[in-house]
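Open your viewer and get ready to click along. Each stop says what to select and what is there.

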Amino acid sequence: RTLVFAGVALAALIVVFGTIITLVAANRLGGFIEIPLPPQVFAIVPLGGMAFFATFVALGYFNRRDPSTHKRFMFLASAVLLEAAVARIPLMFRLDLPFFESYVVVAFVALLAAWDLISTRRLHKVTLWAGLALVVFLFVRIPLAMTDAWQAFALWLMRLAA
């Protein structure tokens with residue numbers, strides 16, 4: 001509990017710098033390295049991740065007096081950040097594994113659900129609703145990023161960082 005403010009500050013720095021780095025990378029000539037999508041489309045992946053991470057950490061903070069709720073939000077926040085690291089594994093080995101990183105995050109949500117079912121014989125509300133929201137977003141984000149509304153928003157953000 002004495003480190004709570006340091007943890008919140010670190011999470012805030014992750015969101016701020018993660019967003020800045022995303023926008024700088026999106027503005028590079030050629031966009032994101034080894035990503036075949038236009039930068040304004042792919043930007044939804046890291047920006048969406050930052051939004052989910054920030055939301056889960058904030059909800060975890062506000063529920064810090066409820067250990068089961070707090071732990072689940074923090075677990076899901078960690079799973080969101082895991083996606084970026086895991087996405088590089090197929091690139092290292094030149095493997096064509098579409099959505100590999102998304103499936104790894106889904107596996108972590110499934111493990112959390114399994115833990116709930118084994119330990120309490122029911123899904124915790126955070127596992128159900130926050131986990132479900134994250135999993136759905138993982139698979140609708142690219143079609144969502146193809147919309148004119150998202151691309152206009154992403155280009156506006158990119159111009160702010162240019």
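Buried means under 20% relative accessible area, exposed means over 50%, and partly exposed is in between (1.4 Å probe, protein chains only). Select R141 and E83: both are buried.

Two notes before moving on. This is a predicted model, where local features need pLDDT of at least 70 and side-chain atom pairs count only at pLDDT 80 or more, while totals for chains, interfaces and linings use all residues. Residues are numbered from 1 along each chain as its sequence is written, and side-chain values use heavy atoms, with hydrogens and water left out.

**Stop 1: the whole chain**

Show the chain as a cartoon. The secondary structure comes to 8 helices and 0 strands. Helices (H or I, at least four residues) and strands (E, at least two) are DSSP runs, numbered from the N terminus. Follow the elements from the N terminus and you read α-α-α-α-α-α-α-α.

Now zoom out. Along its principal axes, the C-alpha trace spans about 50 × 35 × 30 Å. Of the 162 residues, 36% count as buried.

**Stop 2: the salt bridges**

Side chains of opposite charge can pair when their charged atoms come close. A salt bridge is a side-chain nitrogen of Lys or Arg within 4 Å of a carboxyl oxygen of Asp or Glu. How many salt bridges does this rule give? The count comes to 3.

Go back to R141 and E83. Their side chains meet in a salt bridge, with 2.4 Å from N to O. R141 is in helix α7 (residues 125–145) and E83 is in helix α4, so look for a link between distant parts of the chain, 58 residues apart.

Next, select R72 and D116. They form a salt bridge, and the closest N and O atoms are 2.5 Å apart. Here R72 sits in helix α4 (residues 67–86) and D116 in helix α6, 44 residues apart. Is R72 buried or exposed? R72 is buried, with a relative accessible area of 9%. D116 also counts as buried, at 0% relative accessibility.

Now pick E34 and R94. Their side chains meet in a salt bridge of 3.2 Å, N to O. E34 lies in the loop between α1 (4–27) and α2 (39–42), and R94 in the loop between α5 (88–92) and α6 (100–120), so the pair ties together parts that are 60 residues apart in sequence. R94 is exposed, with a relative accessible area of 64%.

**Stop 3: the aromatic rings**

Rings of Phe, Tyr and Trp (its six-membered ring) pair if their centres lie within 6.5 Å; planes under 30 degrees apart count as stacked, over 60 as edge-to-face and the rest as tilted. A search of the whole structure finds 10 aromatic pairs.

Select F32 and F42. Their ring centres are 4.9 Å apart and their planes are at 65°, so the pair is edge-to-face. F32 lies in the loop between α1 and α2 and F42 in helix α2, so the pair ties together parts that are 10 residues apart in sequence. F32 is buried, with a relative accessible area of 10%. F42 counts as buried too, at 17%.

Move to Y61 and F62. This pair is edge-to-face, with 5.3 Å centre to centre and 70° between the planes. Y61 counts as partly exposed at 21% relative accessibility, and F62 counts as exposed at 64%.

R64 lies over the face of Y61, at 4.1 Å from the ring centre. A charge sits over a ring if NZ of Lys or CZ of Arg is within 6 Å of the ring centre and within 35 degrees of the ring normal.

Then select F52, F56, F73 and F137. Ring pairs link them into a cluster.

**Stop 4: a surface patch**

Switch to a surface view. Select L117, L123, L128, W129, L132, V136 and V140. They form a nonpolar patch on the surface, with about 610 Å² of accessible area together. The largest share, 5 residues, comes from α7. L117 lies in helix α6, and L117 counts as partly exposed at 45% relative accessibility.

Patches are made of residues with over 30% relative accessible area and no salt bridge: like charges are joined within 9 Å, nonpolar side chains (Val, Leu, Ile, Met, Phe, Trp, Tyr) within 5 Å. Accessible areas come from the Shrake-Rupley method with a 1.4 Å probe; for residues, only the protein chains shown count as cover.
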